[in-house]
Amino acid sequence: MIMATVGLLCITAQSGAAPNAATHFDANSATAAYIATLSPQAVARSDAYFEGGYWLQLGDLLLTLLVAWLLLGTRLSVRMRDWARQRTQRRWLQSGLYAIQYLLFTSLVTLPWAAYEGYFREHQYGMSTQNMAGWLGDQCKLLLIGVLFGALGISVIYAVIRRADQAWWLWGSLVVMALLVFQAVISPVYLEPMFNKFYPLADGPLKQQILSLARANGIPASEVYEFDASRQTTKMSAHVSGLLGSAQISLNDNLIRRGSPKEVKAVMAHEMGHYVMNHMYKTLVDAGVLIIIGFALMAWVYRAMQQVAGRRWGLGDISDEAALPLLVALITLYSFLLTPVQNSIIRSMEVEADAFGLNAAREPDGFAQAALHLSEYRKMHPGPIEEFVFFDHPSGWNRIHRAMVWKSENIDAPDIRAYDASHGAPATRGDPTVD
């Protein structure tokens with residue numbers, strides 16, 4: 001551990017040997033030296049936290065199926081539908097009234113699980129800085145947003161189902177995609193400020209470097225915003241959001257407080273990569289394909305299940321709002337089974353953004369140091385199958401290794417040599433020890 005740390009910080013070549021440095025720099029040893037700076041206790045804690053998330057995904061699925069069984073098996077869903085129909089003759093409003101009941105009921109029933117998942121477990125691992133009152137306050141805001149937009153979205157989808165008949169799955173998919181675009185547009189401006197305060201980042205060299213990086217890559221932003229995520233979590237994060245020619249650069253105060261300027265620059269270059277490479281649009285297209293397939297399967301499965309259990313549960317055709325718990329259960333199961341596919345789609349974009357960020361910021365060591373910070377809640381070195389199935393980002397080891405490979409290919413560049421001369425070069429000769 002000590003020797004690896006020394007190896008990470010030592011200068012292994014005299015200035016006269018600099019022209020041959022690229023020959024001697026070893027990306028594998030440099031990666032190992034970075035990984036070795038993590039204590040065994042920190043690695044074990046990170047692994048336990050991340051691996052526990054696998055079971056949380058299964059728990060989310062089982063809870064969704066349990067709630068659906070409760071609503072359908074007791075015919076509570078039918079009574080909720082009948083109550084809505086008794087209040088109005090307008091079909092779209094009936095759908096909305098049913099949706100409000102459904103969303104309130106499911107939120108209440110799943111609150112204990114949400115509290116464990118989002119509050120108690122986060123405190124157990126030292127990730128949360130929020131007290132119970134603050135957490136419940138945020139949950140109330142989420143519930144308000146969910147009821148408002150959820151009721152509207154469900155009403156629209158059921159209106160499409162009634163009008164489109166057999167082709168409802170196609171038109172319903174398009175509606176869901178439109179709602180996702182709407183959410184992406186309004187979220188940075190109207191929804192995120194409900195949970196955190198956004199304010200201009202303090203003027204200084206770091207802000208100017210971020211704006212310069214944005215201008216150099218064609219991002220139309222004239223301000224950098226900081227937000228107070230530290231009131232909720234210790235995690236570092238940032239994003240460059242916007243569609244249709246708009247852009248907002250935001251980073252949380254944890255990143256500013258805990259990360260070095262080079263880490264911040266590396267992280268922001270990565271986030272800018274998502275924007276420049278149109279990953280938001282690609283994500284929407286990929287999600288749209290999966291949604292269309294999922295809705296088509298859901299239409300087929302629903303017809304089969306209606307014949308078997310529709311009468312027992314009191315359900316009509318697909319336009320019957322009382323069937324919503326069954327539809328939610330089916331789409332949740334579909335999404336769970338597609339976890340490796342969805343994660344692989346996102347992970348491929350993260351790899352692209354990593355490559356963009358390394359080339360744009362030219363901060364391989366800052367990128368590696370940021371990956372070490374993220375190791376607090378992301379497993380650093382999973383097996384290949386584990387990473388394929390469960391990781392929606394590249395593992396920390398892969399990210400550091402790619403950064404060191406990039407550095408090995410640019411080791412003779414003046415800026416990289418200047419960094420190594422002023423901070424100490426990582427190990428370069430095949431083992432993380434002092435030469």
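Colleague: How does Val109 count by relative accessibility: buried, exposed or partly exposed?
Modeller: This is a predicted model, to begin with. Val109 has 33% relative accessibility, so it counts as partly exposed. Its place is in helix α6, residues 91-109.

Colleague: Which residues form a nonpolar patch with Val109 on the surface?
Modeller: Leu66, Trp69 and Leu70. Together with Val109 they have about 380 Å² of accessible area.

Colleague: And which helix gives the most to the nonpolar patch?
Modeller: Helix α4, residues 40-73, with three residues.

Colleague: Switching to rings. How many aromatic pairs does a search of the whole structure find?
Modeller: The search finds 11. One of the pairs is Tyr54 with Phe390, which is stacked, at 3.8 Å centre to centre and 15° between the planes. Tyr54 is in helix α4 and Phe390 in helix α17 (residues 384-390), so to speak of sequence, they are 336 residues apart and the pair links distant parts of the chain.

Colleague: Tyr54, buried or exposed?
Modeller: Buried, because its relative accessible area is 15% and the cut-off is under 20%. Phe390 counts as partly exposed, at 29% relative accessibility.

Colleague: What about Trp113 and Tyr116, how is that pair arranged?
Modeller: Their planes are at 40°, so the pair is tilted, and the ring centres are 5.9 Å apart. Both residues lie in helix α7 (residues 111-124), three residues apart, about one turn of the helix. An α-helix has 3.6 residues a turn, so residues three or four places apart point the same way. Trp113 is partly exposed at 27% relative accessibility, and Tyr116 is partly exposed too, at 35%.

Colleague: Which residues do ring pairs link into a cluster?
Modeller: Phe50, Tyr54, Phe390 and Phe391.

Colleague: Now strands. How do β3 and β4 pair?
Modeller: In the antiparallel sense, over four bridges. Val240 stands opposite Ile249 in β4. The two strands form a hairpin with six residues between them, and Gly242 in the turn has a positive phi of about 140°.

Colleague: Which residues of β3 are on each side?
Modeller: Ala238 and Val240 are on one side, His239 and Ser241 on the other, and all are buried.

Colleague: Last one. Why is α18 called largely enclosed?
Modeller: Because 10 of its 14 residues are buried. Among them are Arg399, His401, Trp406 and Lys407. Helix α18 covers residues 396-409 and reaches 20 Å from its first C-alpha to its last, close to the 20 Å expected.

Technical notes
Residues numbered from 1 in each chain as written. Predicted model: local features only at pLDDT ≥ 70, side-chain atom pairs only at ≥ 80, totals over all residues. Heavy atoms only, no water. Expected span 1.5 Å × (residues − 1). Buried < 20%, exposed > 50% of the residue type's maximum accessible area, 1.4 Å probe, protein only. Pairing = 2+ DSSP bridges. Patch = residues over 30% accessible without salt bridge, like charges linked within 9 Å, V, L, I, M, F, W, Y side chains within 5 Å. Areas by Shrake-Rupley, 256 points an atom, 1.4 Å probe, with all protein chains shown as cover. Salt bridge = Lys/Arg side-chain N within 4 Å of Asp/Glu carboxyl O. Phe/Tyr/Trp six-rings, centres within 6.5 Å; stacked < 30°, edge-to-face > 60°.
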